[in-house]
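Work through the exercises below with the sequence and the model side by side. Each task is followed by its solution.

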Amino acid sequence: MAVQQAAGPDPYFPDHGDARYRVHRYELALDYRPGPNRLAGSARINAIAGRSPLAEFMLNLSDFKIGRVRVDGRQARYTHRGGKLRVRPAKPIRAGAAFTVEVHWSGNPKPVGSPWGGLGWEELEDGALVASQPIGAPSWYPCNDRPADKASYQISITTPSAYAVVAGGRLLTRTTKASTTTWVYEQAAPTSSYLVGLSIGKYQTVLLGDPGPGGVPQHGHIPAHLLPEFSRDFARQPRMMELFQELFGPYPFDEYAVVVTEEELDVPVEAQGLSLFGANHVDGARGWERLVAHELAHQWFGNSVSIADWRHIWLNEGFAKYAEWLWSERSGGRTAQQLAAAAHRLLSSLPQDLRLADPGRKSMFDDRLYERGGLTVHAVRCAMGDEAFFRMLRGWAGLHRGGAVTTTTFTAHVNRFADEPLNDLFDAWVNRAALPPLPTLIPARPAHPPTNAGSA
């Protein structure tokens, strides 16, 4: 595992995260009442100071009422405004020392404002969901909100018993007392704060396929009336899982869940071990199957292998886009080369002023980044050939499992597998704005000579 944590603030979101320490584990205990949209919580955060003593440190947390804050069991001073909870321990924390923060908070959770609308905790007509990318996590819990600061999580959530709670990770216990039920989930794998997913609603749970011994359990959580459409739309997800494990390496988490909400979502959203879809993404005709593949692929690229900061988001979205093309190619649809050509035609008709290496905050979710990211991965495949390319890809997902990476990391990794350095390719596709020519896939050489070799 390689973690490359930026030394300073994230250039796109300098108010989020504190690079002076890192978190090892979050233990969250929440009580949520959907009717009044009331959340009360406590967090126990195990962290490690950086290279300098900590006289104070910062957590991100939205506008909640703070009950108390303690550091290593002792009452701490704090200020809380502008989404920042600044904590001053009773005595400074030594450089490199482990410490524990305890925070109690309560209030009415609401999304964090952003250029893309509200992010994070969203109250639904009957329930709630969390979709935090990129800065929505503080809408519901205190965190060091930077993608490279990955930690394990245990989340306990108490709700009225009529509601189901789905979170990324393994369900440890579900305990009902009187009219409430407490759900406890464990996500042992290192997880970025924005990837902690959660959904509270009235769902029917189904098993997707038969994982078999050693397989990956896959569950769907959907409103009962959407079950017929869901059963067709997600029927091929177990085959996607098999394909992606063949191409990318072992699935990096214990299990995988998909949730379909009653309401419409602009786009599906990935979380660690969990993806959230809107009712509008279920049509009974597999009309959105490419997005099923896209969100599943993010479990490898974006979730397990995360980015050190948001400048490198193309590493998340380019690989997930290319996974759509690989699924199409391997399931009888258009080939990756055909889809790459369509993406190239589209980009040729649009402004060419976006650099993948640093798209800027305003363009980090631009459709052009997704398409050009997929084309860049395709260009690497074309330059390397399939055997070396997929060996490189499995190595990338395996070597950096649980870690955080940069574009430079990826370039160096590719060059270790390529016959000759691909620096010029990356310079053209990643560092420059002008669109390079369409890359062409080299036909794979046959593994064995043709059966008629040598015949007259």
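**Exercise 1. A charge and a ring**

Task: Find the ring whose face Lys202 lies over, and give the distance from the ring centre.

Solution. The ring belongs to Tyr163, and Lys202 lies over its face at 5.1 Å from the ring centre. Keep in mind that this is a predicted model.

**Exercise 2. An aromatic cluster**

Task: Which residues form one aromatic cluster with Phe244?

Solution. The cluster comprises Phe244, Phe248, Tyr251, Phe253, Tyr256, Trp300, Phe301, Trp314, Phe319, Trp396, Phe410 and Phe426.

**Exercise 3. The crossing of two helices**

Task: Describe how helix α2 (residues 237-248) and helix α4 (residues 314-330) are placed against each other.

Solution. 
- Step 1. Two packed helices are described by the angle between their axes and the distance between the axes.
- Step 2. The axes of α2 and α4 come within 11 Å and cross at roughly 110°.
- Step 3. Angles of 65 to 115 degrees count as roughly perpendicular, so α2 is roughly perpendicular to α4.
- Step 4. The crossing in which α2 passes α4 is right-handed.

**Exercise 4. An open sheet**

Task: Give the strand order of the open sheet of four strands, and follow the pairing of β15 with β10 and β12.

Solution. 
- Step 1. The order is β9-β10-β15-β12, and the pairing is antiparallel.
- Step 2. β9 (120-124) and β12 (164-167) are the edge strands, since each pairs on one side only.
- Step 3. On average, neighbouring strands of this sheet are turned by 15° against each other, direction ignored.
- Step 4. β10 and strand β15 (residues 198-201) run antiparallel and are joined by three bridges. Opposite Leu198 in β15 stands Val130, and opposite Ile200 in β15 stands Ala128.
- Step 5. β12 and β15 pair in the antiparallel sense over four bridges. Here Ala167 stands opposite Leu198.
- Step 6. Leu198 and Ile200 point one way from β15, Ser199 and Gly201 point the other way, and all are buried.

**Exercise 5. The partners of β20**

Solution. 
- Step 1. Strand β18 (residues 256-260) pairs with β20 in the parallel sense over four bridges. Ala257 stands opposite Leu274 in β20.
- Step 2. Strand β19 (residues 269-271) and β20 run antiparallel, joined by three bridges. The bridge partner of Glu270 in β20 is Ser275.
- Step 3. β19 and β20 form a hairpin with two residues between them, and Gly273 in the turn has a positive phi of about 75°.
- Step 4. From β20, Leu274 and Leu276 point one way, Ser275 and Phe277 the other way, and all are buried.

**Exercise 6. Backbone details in loops**

Solution. 
- Step 1. The cis peptide bond joins Gln133 and Pro134, with omega about 0°. Pro134 lies in the loop between β10 and β11.
- Step 2. Asp72 is not a glycine, yet has a positive phi of about 50°. Asp72 is placed in the loop between β4 (65-71) and β5 (74-75). With a relative accessible area of 46%, Asp72 is partly exposed.
- Step 3. Ala178, a residue other than glycine, has a positive phi near 55°. Its place is in the loop between β13 (170-177) and β14 (180-191). At 85% relative accessibility, Ala178 counts as exposed.

Key
Residues numbered from 1 in each chain as written. Predicted model: local features only at pLDDT ≥ 70, side-chain atom pairs only at ≥ 80, totals over all residues. Heavy atoms only, no water. Phe/Tyr/Trp six-rings, centres within 6.5 Å; stacked < 30°, edge-to-face > 60°. Lys NZ or Arg CZ within 6 Å of the ring centre and 35° of its normal. Buried < 20%, exposed > 50% of the residue type's maximum accessible area, 1.4 Å probe, protein only. Pairing = 2+ DSSP bridges. Axes fitted to C-alpha atoms, helices over the stretch in contact; angles between N-to-C directions. Parallel < 35°, antiparallel > 145°, perpendicular 65-115°, else oblique. Left-handed = near helix turned anticlockwise from the far one by under 90°.
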